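This briefing is meant for a reader who is meeting the structure for the first time. Please keep the sequence and the 3D view at hand while going through the points below.

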Amino acid sequence: MNALAAIHVARKQLGLDDDTARDLYARVTGKRSLRDMSPGEQDRVVQELRKQGFTRSSNGARKPLEGKFARKLQALWIAGWNLGVVRDRDDKALISFVERQTGLSHVRFLHDPADSRKAIEALKGWMERAAGVDWSAGFDRPEWLRKPGAQIAVAQWNILVGAEMKEASIRGFRNFVAAKAKPVDQMEDRDWVPVMNALGVRVREVRA
């Protein structure tokens with residue numbers, strides 16, 4: 001696989017949108033377009049994408065794990081990766097985590113809600129302790145901030161700005177989200193994915 005092909009596979013594997021990918025290119029080479037890069041510069045981009053979790057063995061698609069609760073666990077695991085808490089993005093690492101929490105050797109064996117809750121709450125608790133995610137969903141919070149994707153993105157933003165969200169930081173966060181997707185009060189669950197992925201690239205660089 002040549003460098004250009006590897007970059008395209010890596011973008012799909014890591015869920016990087018155009019702007020996030022171009023920002024990464026610029027940080028690595030000073031150029032925002034692959035066409036403007038030399039082969040050596042493209043290789044440097046591949047090396048950076050490897051640091052971000054890209055593996056050449058992947059065909060670019062993240063296959064869903066089997067199991068009733070697998071999708072939620074997989075989404076939380078990637079959220080942990082984007083928070084710089086989870087160090088190994090691979091599903092094998094998630095399966096090992098689930099086994100440690102439940103004694104079950106694969107997420108497909110999670111049938112009892114009580115067992116799944118052990119793994120889910122353990123993962124959420126880890127993100128709360130290590131990355132400051134506030135999972136509260138009380139009615140004293142704005143509706144958009146009761147969504148898990150928003151809660152994770154806010155924690156990512158706090159890691160990057162180094163403080164709890166103050167007025168200026170909130171404005172910056174709102175502007176960032178709007179540039180990546182749409183205004184925060186219009187965001188659906190799926191809209192937070194590119195925001196979390198974009199912030200994840202920066203968080204992993206800070207926490208490396």
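## Salt bridges, aromatic pairs and cores

The structure holds nine salt bridges, a salt bridge being a side-chain nitrogen of Lys or Arg within 4 Å of a carboxyl oxygen of Asp or Glu. This is a predicted model, in which local features need pLDDT of at least 70 and side-chain atom pairs count only at pLDDT 80 or more, while totals for chains, interfaces and linings use all residues. Residues are numbered from 1 along each chain as its sequence is written, and side-chain values use heavy atoms, with hydrogens and water left out.

**Salt bridges**

- The side chains of Arg27 and Glu205 meet in a salt bridge with an N to O distance of 3.2 Å.
- Arg27 lies in helix H2 (residues 18-29) and Glu205 in helix H9, so this pair ties together parts that are 178 residues apart in sequence; helices (H or I, at least four residues) and strands (E, at least two) are DSSP runs, numbered from the N terminus.
- Arg27 is partly exposed, with a relative accessible area of 41%, and Glu205 is partly exposed as well, at 33%; here buried means under 20% relative accessible area, exposed means over 50%, and partly exposed lies in between (1.4 Å probe, protein chains only).
- Lys31 forms a salt bridge with Glu41, and the closest N and O atoms are 2.9 Å apart.
- Because Lys31 lies in the loop between H2 and helix H3 (39-51) while Glu41 lies in helix H3, the pair ties together parts that are ten residues apart in sequence.
- Lys31 is partly exposed, with a relative accessible area of 29%, whereas Glu41 is buried, at 13%.
- Arg141 forms a salt bridge with Asp134, in which the closest N and O atoms are 3.5 Å apart; Arg141 is buried, with a relative accessible area of 16%, whereas Asp134 counts as partly exposed at 37%.
- Asp23, Arg32 and Arg202 are linked in a network of salt bridges.

**Aromatic residues**

- A search of the whole structure finds eight aromatic pairs, where rings of Phe, Tyr and Trp (its six-membered ring) pair if their centres lie within 6.5 Å, and planes under 30 degrees apart count as stacked, over 60 as edge-to-face and the rest as tilted.
- The rings of Phe97 and Trp126 have their centres 5.8 Å apart and their planes at 15 degrees, so this pair is stacked.
- Phe97 lies in helix H5 (residues 91-102) and Trp126 in helix H6 (residues 113-131), so the pair ties together parts that are 29 residues apart in sequence.
- Phe97 counts as buried at 5% relative accessibility, whereas Trp126 counts as partly exposed at 27%.
- Trp144 and Phe173 form an aromatic pair that is also stacked, with 6.1 Å from centre to centre and 25 degrees between the planes.
- Trp144 lies in the loop between H6 and helix H7 (148-161) and Phe173 in helix H8 (residues 167-180), so this pair ties together parts that are 29 residues apart in sequence.
- Trp144 counts as buried at 11% relative accessibility, and Phe173 is buried, with a relative accessible area of 0%.
- One aromatic cluster is formed by Trp144, Trp157, Phe173, Phe176 and Trp192.

**Nonpolar cores**

- The largest nonpolar core has 46 residues, and those with the most contacts inside it are Leu73, Leu83, Met127, Trp144, Phe173, Trp192 and Val195; a nonpolar core is a set of buried Ala, Val, Leu, Ile, Met, Phe, Trp, Tyr and Cys residues joined through side-chain atoms within 4.5 Å.
- The elements that give two or more residues to this core are helix H4 (70-82), H5, H6, H7, H8 and helix H9 (192-207), and H7 gives the most, with seven residues.
- Apart from this core lies another, of 18 residues, among them Ile7, Leu14, Tyr25 and Val28.

**A buried valine**

- Val177 is found in helix H8 and is buried, with a relative accessible area of 0%.
- Not counting residues up to four places away in sequence, Val177 touches Lys182, Val184, Met187, Trp192 and Val195, where contact means heavy atoms within 4.5 Å.
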